[in-house]
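Trainee: I have a new model open and would like to learn how to read it. Could we go through it together, feature by feature?

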Number of protein chains: 2
Amino acid sequence: MDFIIYIPPIAGVVGLVTAYIMYRAMVRYPAAEGRPSEIAELIRAGAKAFMSRELQLIAASVAVIAVALLLSPLGAATTASFLVGAVASALAGFLGMMAATKANVRTTTAARDKGMNTALTVAFFGGSVMGLVLASLGLLGLGLLYVVFGTDPHTAEEIHGFAMGAGVVALFYRVGGGIFTKSADVGADLVGKVEAGIPEDDPRNPGVIADNVGDNVGDVAGMGSDIFESTNGATIATVALATVLVVEAGDAAGVNIGGSMVPAMSLMSLPLLLSSLGLLCSIAAIFAVKASAGRAPATALRIGTFAAAGGFVILSLFLMRWVGVGFGTWWAVLVGSVGGVIIGLSTEYYTGGKPVRHIARSGETGPATVIIAGLSVGMQSVVIPIFTIGAMIFVANLTSGLYGVGIAAVSMLATVAMTMAIDAYGPVADNAGGIAEMSAMGPETRVITDELDEVGNTTAAIGKGFAIGAAALAALTLINAYIAIVSERIDGFSLNISDPDVLIGMFIGGSLPFLVAAITMNAVGDAAFEMIEEIRRQFREIPGLLEGKAEPDAVRCVDIATKAAVKKMLLPAAIAVLSPVIVGFGFGAESLGGFLGGALLGAVLLALTMANAGGAWDNAKKYVEQGNHGGKGSEAHAANVVGDTVGDPLKDTSGPSMNILINVMAIVSLVIAPLLTS
Amino acid sequence: MDFIIYIPPIAGVVGLVTAYIMYRAMVRYPAAEGRPSEIAELIRAGAKAFMSRELQLIAASVAVIAVALLLSPLGAATTASFLVGAVASALAGFLGMMAATKANVRTTTAARDKGMNTALTVAFFGGSVMGLVLASLGLLGLGLLYVVFGTDPHTAEEIHGFAMGAGVVALFYRVGGGIFTKSADVGADLVGKVEAGIPEDDPRNPGVIADNVGDNVGDVAGMGSDIFESTNGATIATVALATVLVVEAGDAAGVNIGGSMVPAMSLMSLPLLLSSLGLLCSIAAIFAVKASAGRAPATALRIGTFAAAGGFVILSLFLMRWVGVGFGTWWAVLVGSVGGVIIGLSTEYYTGGKPVRHIARSGETGPATVIIAGLSVGMQSVVIPIFTIGAMIFVANLTSGLYGVGIAAVSMLATVAMTMAIDAYGPVADNAGGIAEMSAMGPETRVITDELDEVGNTTAAIGKGFAIGAAALAALTLINAYIAIVSERIDGFSLNISDPDVLIGMFIGGSLPFLVAAITMNAVGDAAFEMIEEIRRQFREIPGLLEGKAEPDAVRCVDIATKAAVKKMLLPAAIAVLSPVIVGFGFGAESLGGFLGGALLGAVLLALTMANAGGAWDNAKKYVEQGNHGGKGSEAHAANVVGDTVGDPLKDTSGPSMNILINVMAIVSLVIAPLLTS
C-alpha cells in the first residue's frame, strides 16, 4: 500500500485545477466599466502595495530564521521544509487575495445588473478560490515533502519545518493584515460617520479605499494563511504522534489503536489521506453549489457546507477501513466534525441571538452600558466552545488516545476548502458594497450588497469560531507532539502542574496572549489616531472635498495603514517565535511544556471573548439600524456605534492574532524539541 | 517549645484590644450635627439593611453547607471549623464596616473644622479598625482551633474547614457587595451626571445614598473578608504542606528544609507565628502613624507601610532562628514581602502613570478609542505581576520547596493589618466627600475631601494589586496542599498536562472565571438599568426634586441595589462552591487538579486586567478633569467618563470576585481531598 503516499499531492493538484476553473468562471462575469472598475483597481493596487511591503519584511524574517535553522543541529532538511512551508503559505494567501480583488467589482456589477442570486454566486466563486488554493497547496507541499523525505521516523521530524514556515508567514499576514484593516476601518469610521456625518464607504472619505484594501489583506489573506497553518500544523503534529507510536511499537506488525492493529504506514498517512478526502468532498460540494447557481444560493451555501462535512464523515469510514484503521478511530473523525459545527452554532448564537438584542437595548442608557454588556457576552461565550473542546478531547482520547485527538483536529479542518470558500465570501461581499457606494450606484444595488454583507457577517462570525476551535485543537496536537517527542528522549519526562518549573512556565505562557492582544490593540488605536489626523487634514486642506467636487488622497491613507502595520507586526512576531526558544533553552523542556499549556489556555479564552464580543457589538449596531430602539440617528444608535468600533480591533486584529500566536509558539517548540533533550 | 501554640491567639487578643483603642480614638472626634449626621445615619442604616439581608442569605447557605459537611465523612470537627471560620469572617467584615460608617462623617467634620491632616488621621483610624480586626480575628479563631484540635496531622486537616467557612462568607460579601456598590454607582452617575447634569454626590440624586452605602459594603466589608480569606487560606494551606512533610519524615527528629533540620512543631507553627509577628509590627506602625498625627500624615502613611513590612522582614529572621527554622526559609519571607511591593508599584504605574495619560488623550477621538486604550492597558498590566509571581515561586521553591512558596504567601499577607488600614481608608474618604457634597458644605471642605479621595484612589489601586497577588499565592498554596494531600493517599498521583483528564479540567477551570466575570458584570448592568429607571421616575414624579425643594426617596434605591445584589450573588457562589465538588467526584482528583490550575491562571489574568483597566480609566477621567485635553465639559471628558463607567464594574465587582472565586474553589477542593481518594 505504499502508493498511498502519492494520494495527497495528487489531490492537491486536483484542487489547484479546480481553483483555476472557479477562477475562470468568476472572471467571466463582467466588471462594470468606468468608476466601479477604477475603484476596484485602486483597491487592488493598495492591496498589492501593502502585500509587497509585507512580503519584504517576511522575506527578511524568513531568511534570518532559515539561516538560524541551517546553522543549528536541525540542519538543511528542516530548513528546506521551512522554506517550502513559508512559500506555500505566502502563495496561498496571495493568490486568494488576488482572486478576491477581482471578484469584488464583479459582484457589484452582478448585483446591479442581475440581482441578488448572481451576485452571491460571483462572491462565492471568488471565495472558493481562496479555500481551494489553501487546502490544495498544503496537500501538495506537505505531500511532496513526505514523498521526498519518506516517512522514516527521523526524516518525519524534519518535515516539522513546513508548519513553522507556514506559521511565520501566517503570523505576519494575520497580525499585519489585522492591524492594517482595523486602523483603516476605525479611522475612516470615526471621522467619516461620526464627525463629518457622511455615510460608510462614502467616496469623499479619504480612508475608505484603505478600509476596503483592509478587507482583502486582513480577512482574506490573513484568515487564509491562519487556517493554512492550523490545517498543516494539525496534520504534521498528528503524523509526529503516529511516528512516536510506531517507534514505541518497534518491530511489531502494527500499532494497536482504536481497537485494531494498524499498519505503520497507514497510521502515519491517515492525517493526509483524511485531508485529501475532505478536499475532494469540498470540491464536489463547491461544484454542487455552482451547478445550482441562480437558485436560492444562500440555502445552497448552507447545504453545501453540511454536505461536504457529512460526506466526509461517511466516506472516511470507508477510507479508514481500506487502509486498515479500526472503527474506534472513526469516532475521533466524527467528534472533530461535529465539534466544529457546535462551536460554529454557539458563535452564531452569541453574535446573532438574544445576547445581541440585550446589547442593543443597553444602548438606551449610553455607550458605557453597551460596552459592559458586550464584554459580558464575550466572556460568557467561552463556556460552550470550551466544554465542546473538552468533550472532543475526551471522546477522541477514549477511543484512540492522543493520536485520536490529532485526528479530531485534522477532521475538523478536512473540509476547510468549503468552509473557507464561504468565509472568504464575506470580505468580497463587503468590498462589493463599498464599490457600489463609492461609485454612487442606486439604492437598489446597495440594498442587495447590504444583504450580501449581512450573510457575510454571519458566515464570518461562524468562520471565526470555527477558526478558533480548529486552531486550539491544532495547537493542542502540536503540544502533544512536542511532549511525545521530548518524552521519547527524556525518561520520566512529566509536566506536573505542582512542579514549580512547569507552573512558572504556565503562568508566563498564560500572560503572553494578553500582552500580544494589548500590543495589537494599541497598534490599531495608534494607527487609527494617525489615520484620523490625516483624514481631518484632507477635509480641511483639500478644497471642495466634502462637497464631492475634489478627489481625496486615498493612497496616502493606504500608506499610513501600511506603515503602521509593518512597524507594529514585528514585536508580536518576535514574541511568538522567540519566547519558546528563550523558555526552552533558558529554563528547560518542562518549563516550555507548562508555558505552552498556559499560552494555549490564555489564547483560546481571549480569542473567543474578543471575537464574539466584537461580532455581537457589530450585529447589535445593525439591529438598531433596522429601526429598533429608535433606529439610525437615535441615542441608542450612537451608543451602539461606539460598541461596534471597540469591537473592530478585538474581533479582527487581536482576537485572530491569538490563533496564530499559540500555533507558532507550539510549532517552534516542536521544531526545537529534539535540541532541548540533548 | 510547645507553648508557641498559644502565641497566635494571644497576638489576636492584643490586636483586638488595639482595634478597640483605635475605634475609641476615632469616635472621640466630633461628628457635625444636623444634615451631615443625618446623611451619615442614612448611609449607616442602608449599609445595615443590606448587611442583614445578605447575612440571612449567608446564614442559609452556611447552614446547608454545614449539614452537608456533617453528613459527609468529614464529620463534626470539620463542620465546627467551618462554622468558626464563617462567623469570624462575617464578624470581621461587619465590625470593620460599622467603624467605617462612623468614621466617614467625622472625617467630613474634621475636613471642615480642622483641615486636611486631621481629616486624614480620622479616616486612617477608621480604616485601621478594619485592618486590625480582620488580622486579629484570624489569629484568634485559627489559633484557638489549633490549640483545641492540636497539630496532629489528622486533626490539622479538620481545620481546613475554617478557611472554607471564611471563603463562603467572603464570596457573598465580595460578590454581593461588589454588585451593590457598582449598580448604585453606575446608575446614579449615568442619570445624575450625564442626563440631569447635576454633580456627583448631589443630594437631589436619589441614588447617591445607595452609592455611598456601596462604598462601605463593597470596598470595606467585601475587601476585608476577601483578604481575611486569603490570609487564613494561605496559613492553613502552608500548615497542611508542613503536615505532609512531617508525616513523610516519620519519626525523624525534624524535617530537612531550607538547609536545616526543623522540629515538626516549629514547621507547623511558623505560618501562624509569622502572621502574629506581622500583626505586632503593624500595631507598632499604626501607633507610630497615630503618634505623628497632625504632621504630614500622607507621608506618615507611606512610611508606616514600609516600616511595618521592613520591621517584619528583619524581625522574622530572629523569630525563625528562635524556633529553629534555617536561614534558607527566610528567603521565602523576603521574596513574599518584596514581591507584594513590586506588584503594588506595578499597579501604581499602570493606574497612575504614562498609560493613564495615553488613555486620556484617546478621549480626543471619542469613547471608542478610550475603551480600546484602556483594555489594552489592562491586558498589558498582567505581565509584570505574573513575572513577579513566577520569580517569587522560583526563589521560594529553590530555597525551601513548596513549603517555602506557602511561607512567601503568608509573609506577603503578614502585615495585612497595616495594608488594610490604608486600604479601608479609601472608601471612608470617598464617603466623607459624599457627605460634604450632600450637606452642601463649602468648596473649601470639598477640596480637602477631594484630595483625600485622590490619595484613597491610589491606595485602593495598590491595595487591589496587592490583594490579587496575595490571593493568587494563597490559592496556589491551597492547590499545592490539595496535591500534597491527594498524593499522600494515591501512589503516583500526577497532574501531567498531557493527561487528557488534567487537560480537560484545565480548560474547564480556565473558562469559569470568564463565566463568573460575565455574570457579575451583567448583574451590575441589569441592576444599574433598574436603578436608572427608578431615578428617572423620581425626577419625573417627585415635584420640586430637581430644584432641591423636595427630598428624594433614597431608601427605594438602596432597596433596588440590595435586591439585585442578593438575587445575583447566588449563581456565582454556587459555581464557586459546587464546581470543584462536581469535577472532583465526577471526573476524579486529576481532573480537579487541572481544573484548579486552569482556574487559577484564568482568574489571576482576568483579575489583573479588569482591576488595572478600571483603575486606569478612573484616573484618566480625573486627569482630564484637572484641565487636560479640554478639561471638564470637553468632548475628551465625556469620552473618558464613558471609560470610567465601564471600568467601575470591572474594577470593583468582577475583578475582585476573581480572587475569592479561585480561593473558594481551591479551599473546597482541599476540604474534599481526603474523600476523593477513598
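Trainee: Which residues of α4(B) and α7(B) make the contact?

Mentor: On α4(B) they are Met130(B), Leu134(B), Gly138(B) and Leu142(B). From α7(B) come Val220(B), Gly224(B), Ile227(B), Phe228(B), Thr231(B), Asn232(B) and Thr235(B). By class, the contact of α4(B) with α7(B) holds 6 nonpolar and 5 polar residues, with no charged ones.

Trainee: Now chain A. At what angle do α2 and α3 of chain A pack?

Mentor: Helix α2 (residues 35–71) of chain A and helix α3 (residues 75–113) of chain A pack at about 175°, and their axes are 11 Å apart. Angles over 145 degrees count as roughly antiparallel, so that is how α2(A) and α3(A) lie to each other. Their contact is made up of 20 nonpolar, 7 polar and 1 charged residues.

Trainee: And how are α3(A) and α15(A) oriented to each other?

Mentor: Here the angle is about 125°, with the axes 8 Å apart, and α3(A) and α15(A) are therefore oblique to each other. α3(A) passes α15(A) in a right-handed crossing. Thr108(A), Ala111(A) and Arg112(A) of α3(A) meet Thr445(A), Ile448(A) and Thr449(A) of α15(A). The classes in this contact are 2 nonpolar, 3 polar and 1 charged.

Trainee: Let us turn to the two chains. How many residues of chain A are in contact with chain B?

Mentor: There are 62 residues of chain A in contact with 62 residues of chain B. On the chain A side, the elements giving two or more residues are α6 (160–196), α12 (367–380), α13 (383–412), α15 (443–489), α16 (500–541), α19 (589–625) and α20 (635–676) of chain A. α16(A) gives the most, with 19 residues. That side of chain A divides into 39 nonpolar and 23 polar residues, and no charged ones.

Trainee: How should I read the symmetry?

Mentor: Two copies of a chain are related by a rotation about an axis and a shift along it.

Trainee: Last topic: where in chain A is confidence lowest, and where is it highest?

Mentor: Where pLDDT is low, the predicted coordinates should not be read in detail. Chain A has a mean pLDDT of 90, and 98% of its residues reach 70 or more. Within chain A, confidence is lowest in helix α5 (residues 153–158), at a mean of 75, and highest in helix α1 (residues 7–27), at 96. For the complex, the predictor gives an ipTM of 0.92 and a pTM of 0.93.

Key
Residues numbered from 1 in each chain as written. Chains lettered and ligands numbered in written order. Predicted model: local features only at pLDDT ≥ 70, side-chain atom pairs only at ≥ 80, totals over all residues. Contact = placed C-beta atoms within 7 Å. Helix = DSSP H or I, 4+ residues; strand = E, 2+ residues; numbered from the N terminus. Nonpolar A, V, L, I, M, F, W, Y, C, P; charged D, E, K, R; others polar. Axes fitted to C-alpha atoms, helices over the stretch in contact; angles between N-to-C directions. Parallel < 35°, antiparallel > 145°, perpendicular 65-115°, else oblique. Left-handed = near helix turned anticlockwise from the far one by under 90°. pLDDT = per-residue confidence, 0-100.
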